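Let us walk through this structure together, from single side-chain pairs out to the place where the chains meet. Have the viewer ready and follow along.

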Protein chains: 2
Amino acid sequence: LKLAIIGWGGVARSLASILADSVPAHHFEISGILRRSGAACGVVDPAAPVFGAPMPAAEFLEACHADILVELSALNPHSGEPAITHIRSAFERGMHVVTANKGPVAHAWRDLAAAARAGGVRFLHESAVMDGTPIFNLFRHNLPGVRLLGFTGVLNSTTTLVIEAMERGETFEEGVAQARALGVAEENHTFDTAGWDAAAKTAALANVLMDADVTPTSVDREGIQGFSAARIRQLSAEGKAVRLVCRAQTTPEGLRLSARPEILDRSDLLASSSGTSNLLLFHTDRMGTIGAVSISPTVEQTAYGVYIDLLDLVRYPAL
Amino acid sequence: LKLAIIGWGGVARSLASILADSVPAHHFEISGILRRSGAACGVVDPAAPVFGAPMPAAEFLEACHADILVELSALNPHSGEPAITHIRSAFERGMHVVTANKGPVAHAWRDLAAAARAGGVRFLHESAVMDGTPIFNLFRHNLPGVRLLGFTGVLNSTTTLVIEAMERGETFEEGVAQARALGVAEENHTFDTAGWDAAAKTAALANVLMDADVTPTSVDREGIQGFSAARIRQLSAEGKAVRLVCRAQTTPEGLRLSARPEILDRSDLLASSSGTSNLLLFHTDRMGTIGAVSISPTVEQTAYGVYIDLLDLVRYPAL
């Protein structure tokens with residue numbers, strides 16, 4: 001299967017190295033890489049791609065005759081673009097799409113899912129939430145007939161890191177700097193600290209797993225700015241911890257979504273997610289409450305999640 | 001597909017009710033139920049089975065012409081029998097086997113897996129560990145090419161309940177009584193409190209997920225009897241919690257397996273598993289450390305895990 005990769009950052013490079021190492025039985029060939037500064041088309045050596053002039057994405061997709069678009073571009077987190085346009089463009093050409101971007105799933109899920117169905121192709125995005133830890137595949141493959149009634153998660157690492165820095169007596173800004181150094185904070189940190197990232201993940205999960213039709217603005221959102229370093233330290237001394245918690249609840253009035261800071265007991269499972277670790281609990285009808293944990297994930301893990309999606313297209317073609 | 005069910009306890013009855021509710025597209029028919037006091041053969045109404053005289057298991061399997069054995073018998077936890085014999089007997093007859101019993105997976109995994117392969121049939125056991133929470137299916141379906149290097153888990157609920165009772169100032173015996181009342185303690189509580197149940201789960205996970213060939217006696221095992229109620233209360237006052245922790249580690253000297261009590265910080269993820277909740281962290285090569293959580297599971301959840309295994313035979317027949 002031929003892959004067209006849009007975006008050439010850490011995840012894409014890590015994916016290329018996974019593909020180079022992968023067993024021949026699952027051979028994927030890279031027939032194109034597009035980055036801002038240039039395009040590589042034809043048979044591309046993932047270890048040393050040779051880039052030519054830049055190219056519009058649609059032209060690139062037309063030129064490289066791939067079966068699958070791997071969408072890993074840097075995007076505007078508030079709109080999900082240009083990833084959404086790239087994905088639509090791929091579906092129109094009869095290509096499957098695999099992405100690690102949450103934007104398209106948070107902002108345009110229903111349209112994109114419909115376009116994939118109409119084109120008889122698939123849209124996979126395991127790494128969009130929790131860095132490759134099986135979440136979407138968990139429901140698709142392992143929980144048939146199980147209905148998701150709600151979820152509770154700690155899914156934004158930057159806010160956890162900032163809160164932990166303040167617990168140690170450091171400032172908000174020092175915490176943000178540490179999150180940047182770890183590569184988990186967005187360029188504009190308010191996307192994380194004001195709760196937009198958590199809201200996007202909440203919307204993405206609700207759209208895919210609860211058949212919602214929402215965007216991040218549908219989520220009742222509050223950032224962590226209301227908690228001063230002094231207050232965080234005081235709560236810590238009282239055995240409490242603050243976390244930005246994503247919640248979805250099925251209520252008689254409909255689906256209620258929120259991403260807000262909560263004061264938790266130190267012994268609370270949600271509070272035990274520290275550093276860049278994430279935790280997500282699913283409240284279901286027939287499988288009770290089960291959850292997924294990801295401890296200090298790396299970019300390699302995100303890339304491996306993309307690779308697993310690619311394998312899924314081969315292993316389970318009928319889905 | 002026709003099912004022969006051995007064992008008619010809580011899990012089997014709950015499974016029967018799930019089957020009665022299930023959509024026709026996945027129709028399974030019960031063609032036999034065997035319990036100690038009698039057997040039902042032919043088309044069986046799961047809501048009101050009519051039992052005749054008891055029957056040896058081999059004779060029952062011969063008589064009910066089923067495609068799948070659902071093994072849910074009460075077993076000797078120290079030997080895994082008679083479930084192992086029942087499962088072998090089914091494989092010899094060309095039947096698939098689905099079980100919620102950990103005994104066969106902990107005591108005879110390699111033999112049974114080989115017998116299933118030789119017979120061209122499948123052996124599924126999702127509910128053997130963590131009550132139906134996807135563990136084995138997680139690796140099979142969602143983590144292709146990912147190697148498990150080790151795991152860490154809190155998998156025995158009775159010991160957690162006993163420790164929590166002692167933290168509240170109650171006795172060991174009161175804790176055991178509470179675990180019995182919740183239906184999680186084995187009849188002979190030392191199977192739980194001396195660490196045998198945790199050792200069996202450790203062996204089962206290592207056998208299936210790490211290609212080990214071990215039994216519960218291969219696991220370095222220690223129960224919680226060494227912790228007096230006074231010591232548990234003192235540790236609790238110091239912000240510590242004791243949990244019986246299952247561990248597997250790949251070392252230069254080979255696989256190291258243990259099931260021993262550990263003193264943890266209250267804020268430790270492992271300590272946050274309270275009551276009957278379980279937590280299992282997988283240490284992998286390409287997916288970092290990811291984990292599964294199960295919050296206060298019930299017998300319905302275990303039964304649904306068995307149902308998911310049955311669906312797996314239909315959904316993924318080639319695996």
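Which side chains meet in a salt bridge at 3.5 Å, N to O? They are those of Arg140(A) and Asp312(A). A salt bridge here is a side-chain nitrogen of Lys or Arg within 4 Å of a carboxyl oxygen of Asp or Glu.

Before going further, a word on the ground rules. This is a predicted model, in which local features need pLDDT of at least 70 and side-chain atom pairs count only at pLDDT 80 or more, while totals for chains, interfaces and linings use all residues. Residues are numbered from 1 along each chain as its sequence is written, chains are lettered from A and ligands numbered from 1 in the order in which they are written, and side-chain values use heavy atoms, with hydrogens and water left out.

Back to our pair. Helices (H or I, at least four residues) and strands (E, at least two) are DSSP runs, numbered from the N terminus. Buried means under 20% relative accessible area, exposed over 50%, and partly exposed in between (1.4 Å probe, protein chains only).

Over all chains, the structure holds 30 salt bridges. Side chains of opposite charge can pair when their charged atoms come close. In chain B, Glu164(B) and Arg243(B) form one, with their closest N and O atoms 3.6 Å apart. This pair links distant parts of the chain, 79 residues apart: Glu164(B) is in helix 7 (residues 157-167) of chain B, and Arg243(B) is in strand 9 (residues 240-251) of chain B. Glu164(B) is buried at 14% relative accessible area, and Arg243(B) is buried at 0%.

Another salt bridge joins the side chains of Asp220(B) and Arg260(B) at 2.9 Å, N to O. Here strand 8 (residues 220-221) of chain B supplies Asp220(B) and strand 10 (residues 254-265) of chain B supplies Arg260(B), 40 residues apart. Asp220(B) is partly exposed at 39% relative accessibility, and Arg260(B) is partly exposed at 28%. In chain A, Lys102(A), Asp197(A) and Lys201(A) are linked in a network of salt bridges.

Next, look at Ser157(A), which lies in helix 7 (residues 157-167) of chain A. Ser157(A) counts as buried at 11% relative accessibility. Its side chain makes a polar contact with the side chain of Asn278(A) at 3.5 Å. A polar contact is a pair of N or O atoms within 3.5 Å; within protein, one must be able to donate a hydrogen and the other to accept it, and residues adjacent in sequence count only if both atoms are side-chain atoms.

Now for a sheet. In chain B, six strands form an open sheet in the order 3-2-1-4-5-6, with mixed pairing. Strand 3 (38-41) and strand 6 (123-124) of chain B are at the edges with a single partner strand each, so one side of each is left without a neighbour in the sheet. Two strands pair if DSSP finds at least two bridges between them. Strand 4 (residues 68-71) and strand 5 (residues 96-99) of chain B run parallel and are joined by four bridges, and Glu71(B) stands opposite Thr99(B) in strand 5 of chain B.

Finally, where do the chains meet? Strand 12 (residues 289-295) of chain A and strand 12 of chain B run antiparallel, joined by seven bridges. Ala292(A) stands opposite Ala292(B) in strand 12 of chain B. In total, 41 residues of chain B are in contact (heavy atoms within 4.5 Å) with 41 residues of chain A. The two chains bury about 3,300 Å² between them, 61% of it on carbon and sulfur atoms. Buried area is the accessible area (1.4 Å probe) that two parts lose on being put together, summed over both. Between chain B and chain A there are zero salt bridges, but 16 residue pairs are in polar contact (both at pLDDT 80 or more).
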